[in-house]
Amino acid sequence: MELHQLAYFVAVAEEGNFTRAAERLHVAQPGVSAQVKRLERELGQELLDRSGRTVRLTDVGAAALPHARAALEAVRGVREAVEELAGLVRGQVAIGAVTSAGPVGLPDLLAGFHGRYPAVEITLSEANSDVMLAALREGRLDLAVVGLATGPPPGIATQVLLDEPFLAVTAPTGPLAGRTAVGLPELSEVPLMALPKGTGLRTALDAAFAREGLTPRIAFEAADPNVLVQLAMRGLGVAVVPASLARYHEADLRIVDIAGAGLRGVLALAWRTEGPLSPAARALIAFARAAYPS
């Protein structure tokens with residue numbers, strides 16, 4: 001029994017005609033007929049009833065057809081697996097990350113992926129979350145670590161890596177240094193340091209102030225939260241940063257809770273759910289999701 005015999009049998013069964021099956025398979029009709037007969041002789045049973053104008057399955061043929069289809073599908077699966085591996089050898093992947101992605105250990109992820117797929121070319125770029133989400137949808141990025149203020153946009157799937165509150169930090173003699181917690185009305189009266197528009201933190205901050213009918217006094221913007229901390233240390237105002245970063249510098253700063261605002265920072269893996277993906281991109285997404293259990 002040979003695979004092309006099964007393919008010919010399935011084609012004739014589906015077309016109900018040897019000539020149409022031959023046209024579909026791009027082979028000569030006598031060859032199709034001869035190979036199906038060879039298959040029947042090997043099985044010792046007729047699979048097709050040729051007595052009418054239309055070729056029909058016999059009872060034996062009807063029982064055999066699902067198994068023939070399954071065998072051909074299994075072969076296609078083997079071929080696709082081999083082709084996917086070949087694609088990885090020649091593949092490229094593009095990853096994006098926000099500047100504040102340090103806590104999620106992205107270098108370790110890239111090193112692990114490179115160790116498993118050493119021939120895949122990896123590129124990494126930094127940008128604001130809104131820019132990277134657009135790049136994912138357009139297929140210019142395969143995976144990104146983004147900050148989210150709300151749920152993901154249509155066509156994007158995410159896996160949360162880090163979810164923590166935002167805190168206000170200031171110098172020991174800076175604005176609000178004597179407070180342990182402040183509300184947004186008080187925070188709106190002091191110069192603030194924040195990430196630029198388009199980032200998850202800034203989107204969440206602006207939305208929180210807008211809900212209170214307030215406008216924040218953004219005195220300094222920086223894409224790197226560490227720069228915001230350095231500015232706050234020098235008494236230039238109050239920085240709004242993730243809790244993990246604030247705690248790391250608590251020996252040099254005063255930490256102030258932001259009461260009632262529900263401000264949280266979410267870092268998440270993001271990838272597109274629509275459109276084609278290369279084998280290398282699929283491998284990267286699977287590897288990253290396994291590396292960061294949800």
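Reply: Buried means under 20% relative accessible area, exposed means over 50%, and partly exposed is in between (1.4 Å probe, protein chains only). This is a predicted model, where local features need pLDDT of at least 70, side-chain atom pairs count only at pLDDT 80 or more, and totals for chains, interfaces and linings use all residues. Residues are numbered from 1 along each chain as its sequence is written, and side-chain values use heavy atoms, with hydrogens and water left out.

Me: Is Phe 287 buried or exposed?

Reply: Look at its relative accessibility, which is 15%. The limit for buried is under 20%, so Phe 287 counts as buried.

Me: What kind of ring pair do Phe 113 and Phe 287 make?

Reply: Rings of Phe, Tyr and Trp (its six-membered ring) pair if their centres lie within 6.5 Å; planes under 30 degrees apart are stacked, over 60 edge-to-face, and the rest tilted. Here the centres are 5.7 Å apart and the planes sit at 70°, so the pair of Phe 113 and Phe 287 is edge-to-face.

Me: How many residues apart in sequence are the parts that this pair ties together?

Reply: Helices (H or I, at least four residues) and strands (E, at least two) are DSSP runs, numbered from the N terminus. Phe 113 lies in helix H5 (residues 106-116) and Phe 287 in helix H11 (residues 279-291), so the parts tied together are 174 residues apart.

Me: In E12, which residue is the bridge partner of Gly 147?

Reply: Two strands pair if DSSP finds at least two bridges between them. Five bridges join E5 to strand E12 (residues 264-272), and these two run antiparallel. In E12, the partner of Gly 147 is Leu 267.

Me: How many residues of strand E5 are buried?

Reply: Leu 143, Val 145 and Gly 147 point one way from E5, and Ala 144, Val 146 and Leu 148 point the other way. In a regular strand the side chains alternate between the two faces of the sheet. E5 (residues 143-148) is mostly covered, and the number of its residues that are buried is six of six.
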